[in-house]
Amino acid sequence: MSLRFAILTALVERDSTGLELTRRFDRSIGYFWPATHQQIYRELDRMRAGDLIREVPTDGKPGRGQPRRFTITADGRRLLRGWISEIEDPDVVRSGVSVRLRAAAALDDPDAARPALEHQRAYRTAMLEQYRAIEQRDFVEVRGEARSTLQHLVLRLGILLEETWLTWLDEALDTIDRLDPTPDSSADRSGTVP
């Protein structure tokens with residue numbers, strides 16, 4: 001997937017200025033497809049040049065200093081509609097904390113991974129709380145309309161992923177607690193002393 005399709009999706013939902021888009025990425029879309037403000041503005045320029053979006057008049061006086069508001073064009077809608085049904089392989093999961101845990105195992109020093117695991121746990125807990133707050137704020141009364149129901153489903157994925165991460169992190173920390181905390185650094189992997 002590219003940033004282009006996340007921006008097109010946002011513009012189908014509502015016309016936006018570049019600043020409004022960056023704020024929406026910071027608050028919602030970016031949880032699932034992160035992008036910097038510079039990346040968003042560069043992509044807006046490319047999409048405008050490719051006739052996928054166009055500027056629309058803004059409220060107030062036109063002129064310099066007025067933010068540019070964008071809307072999706074018919075070509076942009078066609079591209080987005082075609083992209084929705086494309087088949088692609090799932091994203092590859094990269095997990096630095098998993099590699100750290102494996103390195104700690106290889107070095108026979110499981111407790112060395114504890115700070116990374118605890119940091120991940122705190123981060124994932126905060127994300128889960130944030131997702132649940134969004135759910136309470138925006139989806140307590142889902143009316144059965146397709147847009148809000150499917151948007152809620154995307155948020156539910158985030159909630160379930162964070163819950164899964166927390167379950168795994170708790171299991172990893174509990175496992176480390178049950179292991180012998182004193183590695184024998186004088187022994188190599190075959191168990192012989194160098």
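I am reading a predicted model, in which local features need pLDDT of at least 70 and side-chain atom pairs count only at pLDDT 80 or more, while totals for chains, interfaces and linings use all residues. I number residues from 1 along each chain as its sequence is written, and side-chain values use heavy atoms, with hydrogens and water left out.

**Entry 1, Thr-71 and the sheet.** I looked up Thr-71 and found it in strand β3; here helices (H or I, at least four residues) and strands (E, at least two) are DSSP runs, numbered from the N terminus. Thr-71 counts as buried because its relative accessibility is 11%. Its side chain joins that of Asp-15 in a polar contact of 2.6 Å. By polar contact I mean a pair of N or O atoms within 3.5 Å; within protein, one must be able to donate a hydrogen and the other to accept it, and residues adjacent in sequence count only if both atoms are side-chain atoms. Setting aside neighbours within four places in sequence, I listed Asp-15, Leu-52, Ile-53, Arg-54 and Val-56 as contacts of Thr-71, contact meaning heavy atoms within 4.5 Å.

I then followed the sheet, which is open and has three strands in the order β1-β3-β2 with antiparallel pairing; two strands pair if DSSP finds at least two bridges between them. The edge strands, each pairing on one side only, are β1 (16-17) and β2 (53-56). I noted four bridges between β2 and β3 (residues 69-72), where Arg-54 has Thr-71 as its bridge partner and Glu-55 has Phe-70. Between β1 and β3 there are two bridges, and Thr-17 stands opposite Arg-69.

I placed Pro-110 in the loop between α5 (96-106) and α6 (114-138), and it is buried because its relative accessible area is 17%. Not counting residues up to four places away in sequence, Pro-110 touches Ala-104, Ile-176 and Leu-179. Pro-110 and Asp-177 are 67 residues apart in sequence, yet 9.1 Å apart in space, C-alpha to C-alpha. Arg-114, in helix α6, is also buried, with a relative accessible area of 18%. Its side chain joins that of Asp-111 in a polar contact of 2.8 Å, and, with residues up to four places away left out, Arg-114 touches Leu-173, Ile-176 and Asp-177.

I recorded 50 residues lining the largest pocket, with Ser-28, Ile-29, Phe-32, Trp-33 and Val-154 nearest its centre. The elements giving two or more residues to this lining are α1 (3-13), α2 (18-32), α5, α6 and α7 (146-178), and α7 gives the most, with 12 residues. On a 1 Å grid over the protein atoms alone, a pocket is an open set of points where a 1.4 Å probe fits, with protein on both sides within 12 Å along at least five of seven lines, and lining residues have an atom within 4 Å of a point.

Note on methods:
Buried means under 20% relative accessible area, exposed over 50%, partly exposed in between (1.4 Å probe, protein chains only).
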